[in-house]
Amino acid sequence: FGYHHPYIIYTRYQVDPRWSYKEYSDLEILNIQTGKRRPVTRKSRYFTPDIVETVRYRASEAASGPQNKISSDVLITAARLTTGGRSSVDLLDKNGKLLQRLVAPPGYIYNYPKFFRLADGGTSAKKEAERKLGLLFVIRKPGGRMGIDYASVDFDKKSRGKPSLSPVKPLVPLNSQLIAYPVVRDGMLFYTRVDQPLLMVDNAF
């Protein structure tokens with residue numbers, strides 16, 4: 001699941017009421033303040049979701065603050081895997097509308113997408129920090145080599161509020177390793193890694 005106060009987003013396993021062989025993994029949001037749950041997608045195949053708040057400010061040289069805040073919303077990301085084995089990382093709005101799709105090459109798997117900030121917080125840099133959002137995800141090549149890639153998520157005037165993704169760059173080099181559960185905190189990337197899968201030597205980085 002993913003968390004950004006006051007929301008928790010997670011996947012919910014469901015079976016088609018008529019055709020039991022059809023299985024779905026849909027996204028659902030829980031507001032921990034109100035206790036209300038709300039479905040985001042229907043009859044989809046999403047996994048390992050994350051959620052973040054996006055804030056828009058007025059164009060001003062002054063430091064960003066509540067008086068310059070135009071609106072705030074949430075942005076959702078999740079890994080998608082089709083029944084045909086094609087993988088992608090999707091960006092969605094709070095209602096499940098697809099905004100961007102980063103499709104993996106045939107045979108590749110994209111998983112564990114996580115949002116992070118490309119700029120530090122702080123009073124003078126707050127506006128910049130809110131604008132520069134990053135998205136990382138685990139990549140697995142055919143043959144099992146795994147690494148972590150990332151892209152920046154931009155909201156510019158040309159996109160009219162719709163996020164755009166920069167070209168993907170490597171963050172953790174591909175290697176013969178099992179990688180899972182990436183988390184970014186205070187500019188540090190944490191994840192689990194099994195260096196020798198046959199021996200199951202599990203490490204945290």
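Reply: A salt bridge is a side-chain nitrogen of Lys or Arg within 4 Å of a carboxyl oxygen of Asp or Glu.

Me: What does the pair of Arg101 and Asp90 tie together?

Reply: Arg101 belongs to strand β8 and Asp90 to strand β7, so the contact ties together parts that are eleven residues apart in sequence. The two strands also pair in the antiparallel sense over five bridges, and Leu102 of β8 is the bridge partner of Val89. Five residues lie between the strands of this hairpin, where Gly96 takes a positive phi near 90°.

Me: Why is Asp90 called buried, and why is Arg101 called partly exposed?

Reply: Buried means under 20% relative accessible area, and partly exposed lies between that value and 50%. Asp90 has 0% and is therefore buried. Arg101 has 33% and is therefore partly exposed.

Me: What makes β7 largely enclosed by the rest of the structure?

Reply: Six of the six residues of β7 are buried, so the strand is largely enclosed. Ser87, Val89 and Leu91 point one way, whereas Ser88, Asp90 and Leu92 point the other way, and all are buried. In a regular strand the side chains alternate between the two faces of the sheet.

Me: How many salt bridges does the structure hold, and why does the pair of Asp50 and Lys114 count as one?

Reply: The structure holds three salt bridges. For Asp50 and Lys114 the N to O distance is 3.9 Å, so the pair falls within 4 Å and counts. Asp50 lies in strand β5 (residues 46-57) and Lys114 in strand β9 (residues 109-117), so this pair ties together parts that are 64 residues apart in sequence. Both residues, Asp50 and Lys114, are buried.

Me: What makes Tyr3 partly exposed, and which patch does Tyr3 belong to?

Reply: Tyr3 lies in strand β1 (residues 2-4). Its relative accessibility is 42%, so Tyr3 falls between the 20% and 50% limits and counts as partly exposed. Phe1, Tyr3 and Ile32 form a nonpolar surface patch, with about 350 Å² of accessible area together.

Me: How do you know where in the protein chain the confidence is lowest and where it is highest?

Reply: Mean pLDDT is lowest in helix α1 (residues 126-131), at 49, and highest in strand β7 (residues 87-92), at 95. Over residues 67-71 the pLDDT is below 50, and this stretch has 17 contacts in the model beyond near neighbours in sequence. Where pLDDT is low, the predicted coordinates should not be read in detail. For the protein chain the mean is 81, and 75% of the residues reach 70 or more.

Methods: Residues numbered from 1 in each chain as written. Predicted model: local features only at pLDDT ≥ 70, side-chain atom pairs only at ≥ 80, totals over all residues. Heavy atoms only, no water. pLDDT = per-residue confidence, 0-100. Helix = DSSP H or I, 4+ residues; strand = E, 2+ residues; numbered from the N terminus. Contact = heavy atoms within 4.5 Å. Buried < 20%, exposed > 50% of the residue type's maximum accessible area, 1.4 Å probe, protein only. Pairing = 2+ DSSP bridges. Patch = residues over 30% accessible without salt bridge, like charges linked within 9 Å, V, L, I, M, F, W, Y side chains within 5 Å. Areas by Shrake-Rupley, 256 points an atom, 1.4 Å probe, with all protein chains shown as cover.
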